[in-house]
Amino acid sequence: MEHRVALLFVILAAGCFLAGCTKNDAALEVPVVTVMTHDSFSIGKEVLDGFEKEQGVRLRFLKSGDAGAALNQAILSKEHPLADVFYGVDNTFMSRALRANIFVPYSSPLLSCINESLVLDKTHRLVPVDYGDVCVNYDRAWFSQEGLPVPESLDDLVRPEYSGLLVVENPATSSPGLAFLLATVGTCGEDGFVEFWQALRKNRVLVTDGWEDAYWGKFSAASKGGRPLVVSYAASPAAEVYFAEQPPESAPTAAMTGSGTAFRQIEFAGILKGARQPELARRVIDFLLDTPFQQEIPLKMFMFPANKNARLPEVFTEHARLASRPVILDPEVIAERRDAWIRAWTETVLQ
Amino acid sequence: MRPPGNRAAILLVALPLAFLGVFYFYPLFEIFSLSLAPGGQWDPGNITALFSTGSSLRILWFTTWQAALSTVLTVVLALPAAYVFARYRFPGKSLIQSCTTIPFVLPSVVVAAAFSALLGDRGLANEWLMVIWGFSSPPIRLEQSLAFILMAHVFYNFTVVLRIVGGFWSRIHPGLSHAAQVLGASPWQAFWKVTFPVLRPGIMAASLLVFIFCFSSFGVILILGGPRYSTIEVAIYRQAVHLFNLPMAAALSLLQICFMFAFMWVYTRLQRSASVPFAPESLKTTQRDIVTNRDRVVVWGTVFLMLLFLASPLLALVVCSLSTGSGVSLLYYRAIFQNAGQSIFYIPPALAIGYSVWFALVTLVLSLCIGLPVAIFLSRDRGLATSLLDPLFMLPLATSAVTLGFGYIVALDEPPLNLRASLIIVPLAHTLVAYPFVVRSILPGLRSIPAHIMESAVLLGAAPGKVWWKVVAPMVRRSLAVGAVFAFTVSIGEFGATVFLARPEIPTVPLAIYRFLGQPGAMNYGQAMAMSTILMLVTAAGFLFLEKLRTGPGGEF
């Protein structure tokens, strides 16, 4: 009896398996363009359907881990690319991507609508799609309850009244963590940032390895964590409102966006060298830069659209912020110095 | 079973070796040669760099001793429970046993969330203590400590010891230990001198698995330990993904693999001399009902303590998934069934469960196909072949997922092996991690079968195949089932390989949980907790189903 059951299992599993493997895209006879991206990418059905109908293509998305892991896989597979388009290189990884020479230039006509300050690659191998500021978020209820003024600058963070309140991510393992380190490098200078972190360590800063753990595990506004200050995005308060159980009157959190407290992260897309559908890949880049998709970005990925004509949703205009004067560093310098900065940071804060 | 001759033995391991060759050694070789010998030029600089600063050795040292300590703790804590499950029949046994396996499938982010909700600085335990005893600050301070890492490792691996040792123990006749006591041994002496030596192969097999798991621990170290603690696995991930220092990552991976090979080589030698032959008994003779008060205290006391430790973090998760801002409700559960943002990446829970279960079943079948011949091959001492192949077959379990994932990207890129974007790659990757569990579950049982039993069968005229089906198989069916359960479990909970190889149209449940945790907002957190609860329920249901099959009308297996 149980032999038969076991056999049935094997046949069922094998059958499902074969059925799954043979169900191929080729049968549809619509050209397929593959977009390789990171885990945080998202897009609405309606906008995508519109593009696919208009161009007579099907988009396939390949999500390959976080931004760093995805880019590394694109670089490793450059002899036999996995995709036609890559979306999600940020300005901290930009030089690595350009040096690996995995993208081909494409000057999309839509670049005219793109915020010029974001176009960092003048050869147009990588074009900016969205951006956002990494900065300190605070728990509003906690600060009003304690009657403590909210910190406004990096220097405030090392003052004794804010001792033991901040949680940051490890720049060696987390991209917001790295972005915040770069903000401190930009503001305090290459000579001063180590001193700043020494002071922050004395002020009992807590370090976690990833954003998830910092935000969900340690931030008092998001969970049972005990720290009212966390490094996140300036748009995170909008997400707090958008994903609240009941629409709140005001956001439970807010971002610290004073001059020199934030790092501007810009995300780029490009056409991979050796793409099987180079012509359609260009249409995909146009689509990523055009207003229908650009207006999706805020509520799908909680970043700001790079296209100047894109309209922002209300929850964004009200609760998401951009830093007044964010730190912007040359991607070349970042690529050159990042290892040394991370090492200095590790020695100062962890050892 | 007459030991299969050389030709039969080669046939036996041909398929597993081919599988390993294509899906393990070939990708590893490609990524190593790309990293360490770019352009065909061997550059030993990275290997020397590995040892020039003491930091790699420090990491190796920490990795080893935390794994050893975790293993000892897990075995010591789980042995009493294994005894109770091996010796007693009691109501709710299979349900309780299923529950103990749940931790094994939970993603580390979720386990971290559960532990923090329970024992974190502002967790339930601290809240109660502060209210009841009037502490002014949280008395339990575990966050980012070694104790937290060790607790999580025991929490995860408890079931490995419970199932493998418990299963093995239940086949040993209690008369052995009774006889010793009749002859004047104290209960402790009877255990130490009689039961333990017979039990040792089972304990060693379970310890090896736990050790390897803790040795290559990643999520637990990263999240619960915080950035001050680093295992080799974590160091490889940092080098490969964030610093893109592939040569360094490859050198660290080589160090990890060589160390594990050496370790397992020693282990294999020790284990081969440890096996004591005995004829496995039917459960009817080894297990008894609860009769005396002492039995009651022993059984229910152990079960209570075990559940207190294993179930309370799980209950904390369920509580989190039900407590919304406006009190207890099913809000989060309703939400996971709606695609509120009309995203194309929305994961319908039923679909994710379907894919998870489907991958797990394929993994289960593949792991049995690979693991069973390997175990049969290794059960006979074949000299050098065994001492080399035994550690070799365990290596995939001890290899960094990132290294292997990158290896797949580089190696499996041309037909006929262009599998990088294919569906089959996920269960294949899971099988690499799952089949060692099948091997280690069956092996102690296979080795302990006395040669004379099989010789008698052969003398009585049974063909080798018949000896296997009629004599050997019935004796190891139970441990085969244990191996199958682990293969299933490993696949359901696997996340590392899946995230590298995933396509959005084939989501699994752990992937869905991570997607919710990727963005701020109370609804996302709540839905992640709800999804985790569903994962626990699906797992528990799966085990109960496997258990039912096992003890169905065809008899126990």
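Predicted model: local features only at pLDDT ≥ 70, side-chain atom pairs only at ≥ 80, totals over all residues.
**Around strand β6 of chain A**

- V167(A) also has a bridge partner in β7(A), namely L206(A).
- Strand β6(A), residues 166–169, is covered on both faces. L166(A) and V168(A) lie on one side, V167(A) and E169(A) lie on the other, and all of them are buried.
- In a regular strand, side chains alternate between the two faces of the sheet.
- β6(A) pairs with β8(A), residues 229–233, in the parallel sense over two bridges.
- The pairing of β6(A) with β7(A), residues 206–208, is also parallel and runs over three bridges.
- Together with helix α7(A), residues 175–202, the strands β6(A) and β7(A) form a right-handed β-α-β unit.

**The largest nonpolar core**

- This core holds 281 residues, and the members that touch the most others are V85(A), A82(B), V161(B) and V165(B).
- Helix α16 of chain B, residues 349–379, gives the core its largest share, with 20 residues.
- Chain A contributes too: at least three core residues come from each of its domain 1 (2–131 + 266–317) and domain 2 (133–264 + 320–349).
- Setting aside neighbours within four places in sequence, A82(B) is in contact with V161(B), L162(B), V165(B), G166(B) and W169(B).
- In soluble globular proteins, nonpolar side chains tend to be buried together.

**Chain A as a whole**

- Chain A contains 14 helices and 11 strands.
- Its C-alpha atoms fill a box of roughly 65 × 65 × 45 Å along the principal axes.
- Of the 351 residues in chain A, 52% count as buried.
- Among contacts in chain A with a separation of 6 or more, 76% are between residues 24 or more positions apart.

**Chain B as a whole**

- Chain B has 24 helices and four strands.
- With a radius of gyration of 24 Å, close to the 24 Å that the globule rule gives for 557 residues, chain B is as compact as a globular protein of that length.
- The C-alpha trace of chain B spans about 70 × 70 × 45 Å along its principal axes.
- Buried residues make up 51% of the 557 in chain B.
- Of the contacts in chain B between residues at least 6 apart in sequence, 81% join residues at least 24 apart.

Conventions: Residues numbered from 1 in each chain as written. Chains lettered and ligands numbered in written order. Buried ≥ 20, exposed ≤ 12 C-beta atoms within 10 Å, placed from the backbone. Pairing = 2+ DSSP bridges. Right-handed = clockwise from strand over helix to strand, strands pointing away. Core = buried A, V, L, I, M, F, W, Y, C linked by C-beta atoms within 7 Å. Domains from an automatic or database assignment. Contact = placed C-beta atoms within 7 Å. Rg over C-alpha atoms; globule rule 2.2 N^0.38 Å.
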